[in-house]
Amino acid sequence: MIETLLLWLFAGTALLAAAAMLVLRHPMRVALALVVTMLALAGVYALLGVHVIAVFQVLIYVGAVMVFMVYVIMLLDVRDRSYSGKFSRLLVPGIVGFLLLLAVLAHALWQDLPAPSGAAGETAFGVQQFSVAFLNEYWLHFELISVLLVVAVVAALAVIKVGRRDHG
Amino acid sequence: MDKTQMLVALSAGLFALGLLGVIVRRNVLVMLMCMELMLNGVNVLLVTFAQQSHSTVGAVLVFLVFVVAAAEIAIAIPIVLLLARRKRTLDIDAYVDLKG
């Protein structure tokens, strides 16, 4: 009972903060709203029993990605034209597309949801099961993802270096 | 509305809100953050169905999405920094000469 209540509370918080991202003006406040969304989603994952993903959500998303984003917002001067008028001229088509997308998703997803297989409550997502499955069956993906990270770091360095050469 | 329906609706809502943000906002950094919101919406769906079918595949896939998102931000932020240094603004309308 209390778990259901908490699940609804976290889901509502996530949706509210996501909606607040669209109307807040300052990018720093948008970033903080996104952090609230991610923390609420981590709560949802924890309530579902998928604790590994909840921990990774907090560590990787909130701890790494959003801190990076906040630093960049502090580096840049954000009070420009996009600060005075926060919406582009695509506002009305965007909202129409948003409503159409919501209608299509609701229609497609609520027709026949698959019944949950297995009993609710018991989960196979302890750290041990996850790690064993990850490093036994998906070691190739693990190596590929590390290569991807190295490529991203090298590409970021290359981008910054090109900019320096142009501006002396 | 049961739990699964609520989670699917949450996922769809987050994805649609993120897409709306990418379309209607003018600030490049806000658009990047709305893209992160779309990734989060997809993750909710993956976690929901992985938890229901008791498979670790979904959890592994979500972890890979996390890492790809981190790599995407690591390469997107320097590009935004360069653009902001060159155009002196974060307004997306100023980058219209990037159109091919």
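How many helices and strands are there in chain B? The legends below start with that chain, as seen in this predicted model.

**View 1. Chain B, an element-by-element look.** Welcome to chain B, with three helices and zero strands. Read from the N terminus, its elements follow the order α-α-α. The radius of gyration is 17 Å, well over the 13 Å that the globule rule gives for 100 residues, so chain B is more spread out than a compact globule. Its C-alpha trace spans about 50 × 25 × 20 Å along the principal axes. Of its 100 residues, 49% count as buried. If you look at contacts in chain B between residues at least 6 apart in sequence, 48% of them join residues at least 24 apart.

**View 2. Where chain A touches chain B.** The contact draws 74 residues from chain A and 57 residues from chain B. On the side of chain A, the elements that give two or more residues include α1 (2–23), α3 (51–75) and α7 (139–167). The residues on this side of chain A comprise 58 nonpolar, 13 polar and three charged.

**View 3. Helix α1(A) against helix α1(B).** Here the two helices pack at an angle of about 10 degrees, and their axes lie 9 Å apart. Because angles under 35 degrees count this way, α1(A) and α1(B) are roughly parallel to each other. Look for A:L7, A:A11 and A:L15 among the residues of α1(A) in the contact, and for B:M6, B:L10 and B:L14 among those of α1(B). This helix pair's contact residues divide into 13 nonpolar, two polar and one charged.

**View 4. The domains of chain A.** The domain assignment gives domain 1 (1–80) and domain 2 (138–168) in chain A. Their C-alpha centres lie 26 Å apart.

Notes
Residues numbered from 1 in each chain as written. Chains lettered and ligands numbered in written order. Predicted model: local features only at pLDDT ≥ 70, side-chain atom pairs only at ≥ 80, totals over all residues. Domains from an automatic or database assignment. Contact = placed C-beta atoms within 7 Å. Helix = DSSP H or I, 4+ residues; strand = E, 2+ residues; numbered from the N terminus. Nonpolar A, V, L, I, M, F, W, Y, C, P; charged D, E, K, R; others polar. Axes fitted to C-alpha atoms, helices over the stretch in contact; angles between N-to-C directions. Parallel < 35°, antiparallel > 145°, perpendicular 65-115°, else oblique. Rg over C-alpha atoms; globule rule 2.2 N^0.38 Å. Buried ≥ 20, exposed ≤ 12 C-beta atoms within 10 Å, placed from the backbone.
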